[in-house]
Amino acid sequence: MNVEDFRNYCLSLPGAHDKMPSEKASSEYDRNLLVFCVRDKWFCFVNIDVFDFCDLKCRPEQIEELQARYEGIRPGYHMNKKHWISVSLNQDVPDETVKALVRQSYELVADSLPQRQKQELAKR
């Protein structure tokens, strides 16, 4: 999977949009982070230049099993390690698994939205 295919997949989810909020970050790596949101809540981010891994929200009870199954899944970079994972995009995690984890991350965030906002997403 390349960065454009990944971006297109993330943006195919209802109400998803992207932004680059880290223009003033101290490192070049962090300045090039593309963040995917539903409403204003992040569900994924990836470096658009390096495209080496993405960070995803995850169910806490799944994290240990995913890390045991895949070398390419580790605690979330710069995020709460109880709720976020980093998924390497060039290791042993199949593209279909990456997509499933992206969708799950999106759903976890969308489910946390207020009821009115969830109803608006359902209409899309």
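1. R39 and E120 form a salt bridge, with their closest N and O atoms 2.8 Å apart. The term here stands for a side-chain nitrogen of Lys or Arg within 4 Å of a carboxyl oxygen of Asp or Glu. The pair links distant parts of the chain, 81 residues apart: R39 sits in the loop between β2 (33-38) and β3 (41-47), and E120 in helix α5 (residues 115-122). Helices (H or I, at least four residues) and strands (E, at least two) are DSSP runs, numbered from the N terminus.

2. A word on the model: it is predicted, so local features need pLDDT of at least 70 and side-chain atom pairs count only at pLDDT 80 or more, while totals for chains, interfaces and linings use all residues. Residues are numbered from 1 along each chain as its sequence is written, and side-chain values use heavy atoms, leaving out hydrogens and water.

3. How accessible are R39 and E120? R39 is partly exposed at 28% relative accessible area, and E120 is partly exposed at 30%. Buried means under 20%, exposed over 50%, and partly exposed in between (1.4 Å probe, protein chains only).

4. Do note that R39, R116 and E120 are linked in a network of salt bridges. The structure holds 6 salt bridges.

5. Helix α4 (residues 95-111) contains both K99 and E96, 3 residues apart, about one turn of the helix. Their salt bridge has its closest N and O atoms 4.0 Å apart. K99 is partly exposed at 27%, whereas E96 is exposed at 58%.
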